[in-house]
Every structure is written in C-alpha cells, then in structure tokens.
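Me: Please take me through the reasoning behind the aromatic contacts in this model.

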Amino acid sequence: MSKKILANDGIDAKGKELLEKAGFTVVTEKVAQDQLTNAINTENYVALTVRSATKVRKDLIDACPTLKVIGRGGVGMDNIDVDYARAKGLQVINTPAASSHSVAELVFAHFFGLVRFLHDSNRKMPLSGDTEFDVLKKKYAKGVELKGKTLGIIGFGRIGQEVAKIGLGIGMKVIAHDPFLTEAMIEIDIHGVSPVRVKIQTLAMDKILEEADFLTLHVPSGKVIGAKEFASMKNGVCIVNAARGGVIDEQELLNALNSGKVAHAALDVFENEPNPMKNLLLHEKISLTPHIGAATEEAQERIGIELAEKMIAALS
C-alpha cells in the first residue's frame, strides 16, 4: 500500500512530523480543485486531508480508487460527501475537539467589540478622529456590559460549552438549547483554585429566543434563524454566527438590524463564501471576520496533532 498523504489545505508542522515518524510521506503543495483527481491517481495518494477550501465530492471519490482515508482538519464536513465516501468503504475523520476554545474566544471578541462599538469606531476614527473626535466620542458613549446579561447558546456541543464557560466566567446567565442534549456539566478552570462545576439544563428553542440578550449559534447546518425567530427575540438583542453560513437568513438579519429588533450582529461565516453579500459587509451594525474561528496557532497545532493521530490509526 502507498504511504503518501496529500494535505491539500495544509497541516500543522507537528501533525506532519507525527505522520512522517509513522512512515508516511506528507505532501503539502496545494493542488487546484480541477487537478486534484489527476494528482491523486498519478501519485497514488492513500489519504487526502482538507480544511474548508478543498471539496471532496462523489466524482472525485469514484475516480480515485487509491484513496482510503479522507481527513477534515476541523469540525464541519459539508465540503465532503461523507455518507457516500463511507458507503464506498473510505474512512472519513475530522477533529471536532481541537478548535472549540478558539471559536469560543472569537465569539466573545465579537461580543465585546460590538457592545463598545469597536468594529465601527475602528472604521471611523482613522477617517475623522482628528476632526470629529467629540462627535465620535458621543456616538460611541452608550456601550453596555456583558456581566449580568443572559447569554443564549443554540447548539450545546463542544463549542457551545466552551462559549458557556467564558460567559459564566464573566458573570453572565447562560441558557442553552440542544435537541440531542438535556443537560451538561460545565467545568471552569480558574488559575490557583479548584475547577468550578456548573450544571446547565437545556431549554426549548422558543425560551432561548425570548430570554437571550446575547445569542450565539453553534449548529452544523440548516436554516435555524429566520423571520419567525427574529420576531420572537427581545428587542435590542445581539447575535453572533461563527458556526456555518446559512444558519441565519442573511436578508432577514439585515431586516432585523434595520428595524432595530437586533442591535448588533457579528458574522464569521457567510452564505456565499467566499463572496459575501455586499450589504452585510457595509452595514455599520455588523462586526465581520473572514471565517477565522479556528485560525489560532494553538488550535491549528491541536488540529494537526489530532488529525495525524487519527490518520495513523485509520491507515495502520
């Protein structure tokens, strides 16, 4: 059996090192999507690792008989025809635990920025801070604190629970919804003291929408928030999507922002990546990042190591 692996969207150096120590040759040179089938067959790659950029669809799976394993560095596998690949005898693996904390920190980076208008202030200060300082000071002088507010989490898996830890740590009331989970024990590590354990029972979706001051989504796919759901929310709610593009109806989000129903929003993911709707990018009430939830050095190292370990087990 060939021992060549194509890491088409890259892999952390420590993950690559683990694979090489196990006797595999790891190639990290990017192959264009339309050249991928030919490259896999020419080089007899036994495994392919991807992130979100490379697509692994039925046609590629059918055309590449040497492939035994498909690895996804990250959580979501919507760029892979997972069921089809498994039906054809391939192993499909991902790294669901490695990036959870990084995503959770990005959620709060957006929350903190939004409530103090940092996303908009950082646009306006370079343009007119020297001539309209007092005007801008007045414009951004109505911030709020997160402490004491209710944080609603839709999707209470690994990432949702990491978000809960941060929320509890800064004094928020945390409520959560998950159709597959009735409760979770959240363990908060505090330097110098024993971990603090908090049990959170999940609630019905409508309860979360009614009570949350701040709302964050951590679901794998589907249209979760639309016009009906926005109508059920508190006036002035703040919402973040760092899960998947499309779980929030983006046009309805714009409507809710323009009406004042939603005070602030943040998007790390978009329906039309890599070409987001221009109206979203220009809206002064939206904080924006280009799908970087897992893009920290620590998360990438954990992803690389977890992916390598699972690949070695799958190919041994």
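Me: Why is Phe 108 called buried?
Reply: Phe 108 has a relative accessible area of 3%. Buried means under 20%, exposed over 50% and partly exposed in between, with a 1.4 Å probe and protein chains only, so Phe 108 is buried. Phe 111, at 0%, is likewise buried. The model is predicted: local features need pLDDT of at least 70, side-chain atom pairs count only at pLDDT 80 or more, and totals for chains, interfaces and linings use all residues. Residues are numbered from 1 along each chain as its sequence is written, and side-chain values use heavy atoms, leaving out hydrogens and water.

Me: Why is the pair of Phe 117 and Tyr 140 called tilted?
Reply: The ring centres of Phe 117 and Tyr 140 are 5.9 Å apart and the planes stand at 35°, so the pair is tilted. Both Phe 117 and Tyr 140 are buried.

Me: How do you know that the charged end of Lys 3 sits over the ring of Phe 24?
Reply: A charge sits over a ring if NZ of Lys or CZ of Arg is within 6 Å of the ring centre and within 35 degrees of the ring normal. The charged end of Lys 3 is 4.6 Å from the ring centre of Phe 24 and is listed as sitting over that ring.

Methods: Phe/Tyr/Trp six-rings, centres within 6.5 Å; stacked < 30°, edge-to-face > 60°.
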